[in-house]
Amino acid sequence: MTILNSTRELQKTDAAHHLHPFTNTRELNARGTRVITTGKGVYLYDSEGNKILDGMSGLWCVNVGHGRKDIVDAVARQMEELAYYNTFFNTTHPPVVALSKLLSDLTPKQFNYFHFTGSGSESNDTIFRLARYYWQLMDKPEKTIFISRRGGYHGSTVASASLGGFGSMHAQGGLPIPGIFHAPPPSWWANGGDLTPDEFGLKVANQTLELIDSIGAHKIAAMIGEPIMGAGGVIVPPKTYWPAVAKGLKERDILFISDEVICGFGRTGQWFGCELMGTEPDFMTMAKGITSGYVPMGCVGVSDRIAHVLLEKGDEFAHGYTYSGHPAACAAALVNLEIIRSEKLIERVRDDIGPYLQAKWKALADHPMVGEAVMEGLIGAFQFTSDKKARASFAEEAKIGLTARDFSFENGLVMRAVGDRMVIAPPLTITHAEVDELMEKTIKVIDLTY
Ligand code: PLP
């Protein structure tokens, strides 16, 4: 085996052989990748020995922080016992049984059945098929259409990227697939004008229901949405929005899918984002925080209403992934969820560290270059603006967000840029002192960008 030592050598070999996700390879070749070698708590360390506060929990997934030996040990033990067996063709294994039971305890009461996958994308593709299959079994095969939202992110596979509302993704590879309509996002700062957030929330909910009625509710299988849009720039919806949408869907006999890939497992100060939004979904998409990213895993929560129809009227569901319910992933999930529970991380986010960071974060809105600063639980964003009063954006060529992201990294803080919105979602274990450091670095980044 070749051992690559120096950072430069790693970068060169990486550029020569590794096609990265969501990365401009030409740019990468010119400036080199950042080589992350170690993670401990909320910190990452790079190949040059720099210490970086991971303000994004990796990709919004390392909820319990890096370097948890309990999870590592449990995965190692499981791999020694049974590294792999599948859950197809009438087989199961102890960790997948234990995890299914634990999830039925932790998720909202209507969820008692779980289908495991390898990722959030696979979970959404699974739901795409399950929802259509449900309506076939209900003798309503004409209900095939899905409603999602512009700016929503649901993954990178064909159905999940089509459900997502990113033009840049649709443009590559001829998406979206037919039968998907995108409603407007509840982005108050960008589109709310003179309306209060609550008025605007109702307006967007009505626009969504109008779209549904113009298509014909009898043709619509389901609507999918993230409780708080993540990759679309952390769009915290006005409080009026989700209850009005969910009520309208119920009245029209349309299923509701809550994509909890980011919002699930404590991120918003509840176990699941739908609990904060007051909705009762028929399906939940889960991934990321289920294992805190230690081992890949996704999961579909199937509500009793759907599951009973599948079990009573359905045949074998001809769907599944080699790694559905992988034993090592289940072992990681079991310990990870026990950590969230025993360390009371959800209560901590709701009552202690969440409010502590929120108060400081929301004060960023006083800066002349910041249009709004929002945060719920431990997921937040602030918006750069060239004119606060007019809520104006910077010219795209100015690349303000990317510049700030790079400043931030160089100053030892990982933040993500979505256009000119800077996004943060630190591990749920972040301490008060680490929040102070995060804020100090964020303010420095804004001042440097200003
Ligand atoms: N759904 C949401 C809300 C996400 O944020 C993501 C990933 O960021 C996905 C789905 C896709 O998950 P994965 O990257 O595990 O396929």
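This is a predicted model: local features need pLDDT of at least 70, side-chain atom pairs count only at pLDDT 80 or more; totals for chains, interfaces and linings use all residues.
The buried positions of H10 are Phe 200, Gly 201, Lys 203, Val 204, Ala 205, Thr 208, Leu 209 and Ile 212. Helix H10 covers residues 197–215, and its end C-alpha atoms lie 27 Å apart. This agrees with expectation, because 19 residues at 1.5 Å a residue should span 27 Å. Just after H10, Gly 216 adopts a positive phi of about 110°.

In soluble globular proteins, nonpolar side chains tend to be buried together. The largest nonpolar core of the model comprises 119 residues, and Ala 131, Ala 222, Val 234, Phe 283 and Ala 332 have the most contacts inside it. Helix H14 (residues 327–342) supplies the largest share of this core, nine residues. At least three core residues come from each of domain 1 (34–64 + 346–449) and domain 2 (70–342). Apart from neighbours within four places in sequence, the contacts of Ala 332 are Ile 71, Ala 74, Val 75, Thr 291, Tyr 294 and Val 295.

The ligand is surrounded by 17 residues, of which Ser 119, Gly 120, Ser 121, Gly 155 and Val 261 are the closest. Helix H6 (residues 120–137) contributes the most to this shell, with three residues. By residue class, the shell around the ligand consists of nine polar, six nonpolar and two charged residues.

Methods:
Residues are numbered from 1 along each chain as its sequence is written. A nonpolar core is a set of buried Ala, Val, Leu, Ile, Met, Phe, Trp, Tyr and Cys residues joined through C-beta atoms within 7 Å. A residue is buried if 20 or more other C-beta atoms lie within 10 Å of its own, exposed if 12 or fewer, and partly exposed in between; C-beta atoms are placed from the backbone. Helices (H or I, at least four residues) and strands (E, at least two) are DSSP runs, numbered from the N terminus. Domain bounds come from an automatic or database domain assignment. Two residues are in contact if their C-beta atoms, placed from the backbone, lie within 7 Å. A residue is near a molecule or strand if its C-beta atom, placed from the backbone, lies within 6 Å of it. Ala, Val, Leu, Ile, Met, Phe, Trp, Tyr, Cys and Pro count as nonpolar, Asp, Glu, Lys and Arg as charged, and the others, Gly among them, as polar. The expected span of a helix is 1.5 Å times one less than its number of residues.
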